[in-house]
Amino acid sequence: MSTAGAPAVARPAPTKATKKSWETWLRAHIDPAWRPGEWDSARWLFTGDLDNPRTSSSRCRTRRCDVIVRAQETFCTYCSDQRRKSGLPREEFAATFTPTRSKSLPLAVVGPCTLTRDGVQCVRPQVSGGLCAAHHGSWKYHKSRGTIERWLRSRATPFTENPDCLVTHCSGWAMNSSGLCNYHWRAWRAECRSSTDPMPAAQWAPHQPLYLLAHQFHLAPLPELLRWEVLYAVQQMDQWVRALEPHWIRGVISHLTTADTLLDATNAARLTKPHQAAVRTLENLQSAARAGYSEFSGITLIDQDVIDLRVLGLHHSASGKRRHLPGRVDLRTVRQTWLRQALRHWVTTARPTTEDFKRTFHATTIASAALAQRADAGDDPAVLTFADATLAVDAFRAARRRDGTLYSSSFRRSLLGMFFQLIAYGRRCGTLDDLAGTFTRVPVEHVISVEEPNEDFIGKAIPESVIRQLDAHLDTLGTGNTYGCRDIAPDARHLLYRTMYTVLRDTGRRPIEIVSLARDCLETHNGQPTLIWDNHKRKRHRRRLPITTSTADAIRTWQACRDQLHLPAKGDRYLFPSLTPLSDAPHISSTYLSDALRLWADALPPLHAEGTDSRGQRLLFDRSLIYPYAFRHSYAQRHADAGTPVDVLRELMDHKSIAMTQRYYTVSLKRKSEAVAKLSAHVLDQHGHPSPSSSTAYEMRSVAVPYGGCTEPSNVKAGGQACPIRFQCAGCGFYRPDLSYLPAIEQHINELRADRETALAMGAAEFVTTALTAQITAYQRVIDRMHKHLGSLPASERAQIEEASTVLRKARAGDNHTLLPLTTARPKDPRSTLSLIHV
């Protein structure tokens, strides 16, 4: 849903007859209890509350400096310049520097004038040499003429009152005979020096603005009606935005001094500096004023074709709190009046989230374009038929992106469901009573089939070699240009990022599950640490995951550091709390984690992928593939590659269905064929001698058995179920192992040795231990030949063989219906027991 092109709604400016009533309506609807700061109604002055982070202002962080700055700034201008000259880090400079300004701040009062006569002290503020401006100027005059004694005896008379500055509502005191405070006196003198016809101070003062701090704005320079409009709009805007920005409001007001009303759509042209924040601030003010004027005029939201989502109060589903929302949405892109009315009624009554509205609006425009093909019936809901519903469904089946590619099947199914949910809502509410009953969806026919992607699911995993390269640069994580750099010290910030990365890498949890970990998320049973986490996706809470000791130590280190930090109280129960009170969520958002990881990855030296190009040079890894969720795939793939049983990995991943876990073991036919082609040339026989064959012949003439391939024709025909000597492959002439079976053969040798020791302890007959020893020797001979053959290959070819072996092991591990050759000799005998073992 794009709102940038939505036309501005022209609101006629109030006429002379309605101006008074419009102003009266504004006064009645301004909330007197609005307290985001301090409002001085007599001076039309807003002063933000520094203890409220939503006013977006704070004090300079330098010790003993009380200058107020914007929330985005760390130091005031003076302290910032001094820090740049000193070259000290921010934290060290803030703790050690004491500002010594040569000039006092505007309107700052150091103390009263020190001139005293007959026990009466001058009450005017001192500006230089301990004297006020008037006495200091007089003292300099008489000093140059040598008449200081005469001045002290007769003319040095203390002032007993402080006259106000001539500028209306200025809180400063007049410093001299001009009647201006020091701030306005300097401004007046600068203007006089640049003008050929200087204006007297009394004539110049009434048109001047007040001196404003970073958390203030002043409405007095605006016309009367515009003042009330801006005040009303600011109060409404306070409900939409994350924080009020007095700095930008003040800038917008300076450009509105010649305007008559906020309802004028040309006000944006008055911005001489169209900064994005200034434009957004003016748009928010105008949207609030226009919504109020529509209500004043008796025009309800349900009667408008261009609606403002901010006025509706729609929220983001992630937090349900203040977010930057889209602006106006032009519903006239939906061509049918009845469909536009249904959409308008739904959004104004159901108040969906911004995501639901965006998707439903998109679905409605697709269906509208399809129905518009029926020129005779598209705008008449009473004559629509089942064929028209089918026409709309076909449009969703062919929905494409802007680049012309089809949307994913899941997204198209979602759009289809959203549209017919809108129709169902309209029927229930009565807004679509005229819609023909034949315009309906039939679940059997009106479906969009799910398309399984051909790409490997495991392709999203970050290779272990790349993860090792990332680990080598952990010392740079959380340093330099990072998000949240003003909130905690650099060392603590680095530890925060490092801990999140470590937990993300070692546990395979989803990003939202990482950032929402509880503060006490560790348990220890029998010396084994366990992570307690919540599965938000499936709503299964207090899950337990075994983790390594190093991962637990990383969490404990951060817990100790976290206890020393002063962070917002709303995040006390979380391991990774929000770093600023402006955050909607009590913990760090997953978007924050993603952005921080992206900044770090982009700043790293080149990362190399697995393999080499045609010239033997290492391939570069695409950094865009490094994102938080990819580490979950890497965790699962790491266990799948290590041969973790699929049912165990399902528990570790907390999958509901084992089919989802098996996807990590699944290898595409193309990759499997390539692996077979590489390994078919390295097949050995039972004695360890090379027995190569073509890849096609290898697959056609062999069947997989636990410790290699079998080429015995009857066993191949029976799919591995007709082996008469079962598990004694090393003594069979049809045994064809390849390098991908090395781990399985080594494991089997260990099992045979254990069985031999058990037989010896049991006092078994000699032929039993002799048979076991012979099998061990035969299998060991195969392994030795394999290792010798593998060691004779070039390094590049050896790496390719190892990768192909891994691919085939994944393919075998993912097939949980592989039947081991343990069938009985006569499977049709009803007295026999079927002994099929599944792995």
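Predicted model: local features only at pLDDT ≥ 70, side-chain atom pairs only at ≥ 80, totals over all residues.
Tyr501 is itself, together with Phe576, Ile626 and Phe631, one of the residues with the most contacts inside the largest nonpolar core, a set of 55 residues. Two or more residues are given to this core by each of the helices α16 (464-471), α17 (490-507), α18 (511-515), α19 (549-562), α20 (590-603), α21 (630-641) and α22 (646-653), and likewise by the strand β13 (528-535). Among these elements, α17 provides the largest share, namely eight residues.

The packing of α17 against α19 was examined next. The axes of the two helices, α17 and α19, come within 10 Å and cross at roughly 150°; because angles over 145 degrees count as roughly antiparallel, α17 and α19 are therefore roughly antiparallel to each other. The crossing in which α17 passes α19 is left-handed. On the α17 side, the contact involves Ala492, Leu495, Leu496, Thr499, Thr502, Val503, Asp506 and Thr507, which meet Thr551, Ala554, Ile555, Thr557, Trp558 and Cys561 of α19. Classified by residue type, this contact of α17 with α19 comprises eight nonpolar, five polar and one charged residues.

Technical notes
Residues numbered from 1 in each chain as written. Heavy atoms only, no water. Core = buried A, V, L, I, M, F, W, Y, C linked by side-chain atoms within 4.5 Å. Buried < 20%, exposed > 50% of the residue type's maximum accessible area, 1.4 Å probe, protein only. Helix = DSSP H or I, 4+ residues; strand = E, 2+ residues; numbered from the N terminus. Axes fitted to C-alpha atoms, helices over the stretch in contact; angles between N-to-C directions. Parallel < 35°, antiparallel > 145°, perpendicular 65-115°, else oblique. Left-handed = near helix turned anticlockwise from the far one by under 90°. Contact = heavy atoms within 4.5 Å. Nonpolar A, V, L, I, M, F, W, Y, C, P; charged D, E, K, R; others polar.
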